[in-house]
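This report concerns the predicted model shown here. Please consult the sequence and the coordinates alongside the text.

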There are 2 protein chains.
Amino acid sequence: MMVNPLFKLMTIVDGLQIFRDSFDYKRYFANRNEESDLKYALRRVLAEDIVAMENIPGFNRSTVDGYALKASDTFGASGGLPAYLEVTGEIKMSEIPSLLIRSGQAVQISTGGMLPEGADAVVMLEYTEKIDKTMIEVNRPVAAWENVLKEDEDIKKDEIVFKKGHSLRPQDIGLLAALGWENIPVYKKIGIAIISTGDEIVPIYSLPKRGQVRDINSYALGAEVEETGCIPYYRGIIADNEIALEEELSQCLKQNEIDMILVSGGSSVGSRDYTLRVLSHLGPPGILVHGLALKPGKPTIISLSQQKPIIGLPGHPASALLVFKNVVSKIIADLKGEIPRYGLVKTIEALLEKNIASEGGKEEFIRVLLKKKDNQLWAVPILGKSGMISTLAKADGYIKVDLNQEGLYKGEKVTVNLF
Amino acid sequence: MMVNPLFKLMTIVDGLQIFRDSFDYKRYFANRNEESDLKYALRRVLAEDIVAMENIPGFNRSTVDGYALKASDTFGASGGLPAYLEVTGEIKMSEIPSLLIRSGQAVQISTGGMLPEGADAVVMLEYTEKIDKTMIEVNRPVAAWENVLKEDEDIKKDEIVFKKGHSLRPQDIGLLAALGWENIPVYKKIGIAIISTGDEIVPIYSLPKRGQVRDINSYALGAEVEETGCIPYYRGIIADNEIALEEELSQCLKQNEIDMILVSGGSSVGSRDYTLRVLSHLGPPGILVHGLALKPGKPTIISLSQQKPIIGLPGHPASALLVFKNVVSKIIADLKGEIPRYGLVKTIEALLEKNIASEGGKEEFIRVLLKKKDNQLWAVPILGKSGMISTLAKADGYIKVDLNQEGLYKGEKVTVNLF
């Protein structure tokens, strides 16, 4: 690996910090707002705080089927000594009840129905008995507001229900529907150009000659981009040619819909050199990070031109994907403006099935299979040479060996990042 | 809750078994195959086994930058006693090398380059020294096939690389690209009709009168449907009217793109009764399950007409969503034909922050917040009345209290299903 001596290998954390110090977030976010139809807003990120304009449910609502009444009329009621109440009517769903409940009276009500004036509780159907057409027995007391959702109990008017940066889950979409938000302010989706470089790379529809391989990275990285909720722009294959690469990157920088560029490969020494030249030339500021303390993923480049990040990824598909998951995805999260949350990363705990040696001094990603044995989940390291794609396809996930760990022991508890 | 006495409350497992025994999977899957462009195949489910038509990489490929040579020429080489080799050329990427390596010779090669005839190993650049234009020193021995990915080492021709039912992750898309699959056989996406019922339900663009609520379920369930990779068909709101519901369901059953129907609400006693009548009437076989031992979610209905599942969900949004995640999603998984896999469900382990009492005899879903305290993750139960949507929006996930558990204790380890 030829690493430009001006750039020393650094950790992911340090590399990202340099990027964050160089990127003008304020300018970037000044122009990212748009509206989304609520129906298409799943996993979109809110660009503004959402304030409730109404109380929800907006009226005192029964949570059960039963009789609305005055709680005080049921105090002391029991099977042996029931309370007798006159039934003065039935609440129809969606109607504003015109009835007024006085002491000694009750009205029939369904789950979701609106309590009439004067009522302050609902007794469940199963604790009542019909005596005749207009009379019931209540054989259990109810407390004030029992079985009632009060008008502002779910959501209070003027409450902030979601903060800017919240990414919307199905139940959040439901809550916004409750409040009547047909269109909501979200950040624009991020457009990401994907470029594969290398004289040996051919389109996937061709039959590679010996020495050539099909363009795996455009497809695998495009799918990763989609999985993060961004839009992939497939720019195809650029031969190992400095002028062609600079021309292509300049084109991408000019296009408004492209916010970020991923360049994978080329794997020859010469191509790495001219990629570095092109990125420096395209700046400012140009190359921020060259070489990360990662395995695989060492030759990663983080560059910035016209406030668009350009990331140089290794040519090996497995390396490119692991760098995507551990470096690119973090830059994307920044650009999405998303508040971190549990559930954004899928992990599972398992015991390591065999010892793993590591050189230390770099973060190492070990692909693993998961296997259940004696009701215990085991992570089985998958070995395979660098440059293989099948190992990644066979894996259920990967574990990390930290910078300052010299390996992991058999039987140790590990966190598996699931694919 | 009025439960038809013919149908006793049953567990989710038993309820699903009844569905599976009644559904004609063979007929269903006979007509589900279609082709997908590989670029749009993320998370699609393979409808056939995928067999490799070629070896990958297809040629002996260097995994490092260095010199291709005969391993035997380096045996015994060391810093003190290096092997001297004649450099006869350089391998250009993507070219079939015309050179033949004989004993005592080496050619320069880049990562990804094709080994020339006669070479059986690559020595890394850093273990060599240039003596002059045509001569190098090798100061470390390499084993046969060291730093080489052999032509069929990644994928072997005729190997099954993915089984029918595999859902495609980014790296799987990459592997299919490597093999040249531009279009792949997948199962059709599942179309799911979504119907909200209830006189009190109004469209989200209206200002509800007192007693009315906006149509939360269409939006929240539509988002859930999307999240499972299916296509939601929003059918809108049907008033509490037996004829209107039967007409709407008949329409849905006639449409080819609709494979399944979700009906949520109505919450009034009367509407539940006529929903049951309509579903029985639409059979055969009609209603399979009415009432599940769930909390929330007891009034769930599983029905089947013309081989299309019709699921009756509770009207309360929180209940409807939890039933979706625990019942509907399992039927969807069956209909997707997807092989179960780690990572399809997001979970995390936490300690329970307070005791939870449960009546037993039903599966109970408790919404929780996650909180880190003293480097330990805690699951904090969220309390709130039934019918609230905000509790679900505040939750990070939920835990399950099993049928035969009478609660959970503070400090107990629980598995949180993340939203």
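The text below treats the domains, the strand pairing, the relation of the chains and a helix contact between them.

**Domains.** Chain A of this predicted model is divided into domain 1 (12-32 + 188-336), domain 2 (34-56 + 155-187), domain 3 (61-149) and domain 4 (347-418). Taken over C-alpha atoms, the centres of domain 1 of chain A and domain 3 of chain A are separated by 66 Å.

**Strand pairing.** In chain B, six strands in the order 7-4-6-5-9-8 form an open sheet with mixed pairing. Strand 7 (121-124) and strand 8 (128-132) of chain B stand at the edges with a single partner strand each, so one side of each is left without a neighbour in the sheet. From one strand to the next, the twist averages 40°.

| Strand pair | Sense | Bridges |
|---|---|---|
| Strand 4 (residues 66-69) of chain B and strand 7 of chain B | antiparallel | four bridges |
| Strand 5 (residues 83-90) of chain A and strand 9 (residues 135-138) of chain A | antiparallel | four bridges |
| Strand 5 of chain A and strand 6 (residues 105-109) of chain A | parallel | three bridges |

Individual bridges place these pairs in the sequence. Y67(B) has V123(B), in strand 7 of chain B, as its bridge partner. In chain A, A83(A) is bridged to V138(A) of strand 9, and V87(A) is bridged to A106(A) of strand 6.

**Relation of the chains.** Chain B is superposed on chain A by a rotation of 180° with 0.0 Å of shift along its axis, at an RMSD of 0.1 Å. This is the relation of a two-fold axis. The C-alpha of K346(B) is the one in chain B nearest the axis, 2.8 Å from it. Of the interface residues of chain B, 100% are also interface residues in chain A, so the copies meet through the same surface.

**A helix contact between the chains.** How do helix 4 of chain A and helix 3 of chain B lie relative to each other? The axes of helix 4 (residues 216-227) of chain A and helix 3 (residues 170-178) of chain B come within 8 Å and cross at roughly 160°. Angles over 145 degrees count as roughly antiparallel, and the two helices are therefore roughly antiparallel to each other. The crossing of helix 4 of chain A with helix 3 of chain B is right-handed. On the side of helix 4 of chain A, the contact is made by I216(A), Y219(A), A220(A), A223(A), E224(A) and E227(A). Helix 3 of chain B contributes P170(B), Q171(B), I173(B), G174(B), A177(B) and A178(B).

Methods
Residues numbered from 1 in each chain as written. Chains lettered and ligands numbered in written order. Predicted model: local features only at pLDDT ≥ 70, side-chain atom pairs only at ≥ 80, totals over all residues. Domains from an automatic or database assignment. Pairing = 2+ DSSP bridges. Axes fitted to C-alpha atoms, helices over the stretch in contact; angles between N-to-C directions. Least-squares fit on C-alpha atoms with pLDDT ≥ 70 in both. Contact = placed C-beta atoms within 7 Å. Parallel < 35°, antiparallel > 145°, perpendicular 65-115°, else oblique. Left-handed = near helix turned anticlockwise from the far one by under 90°.
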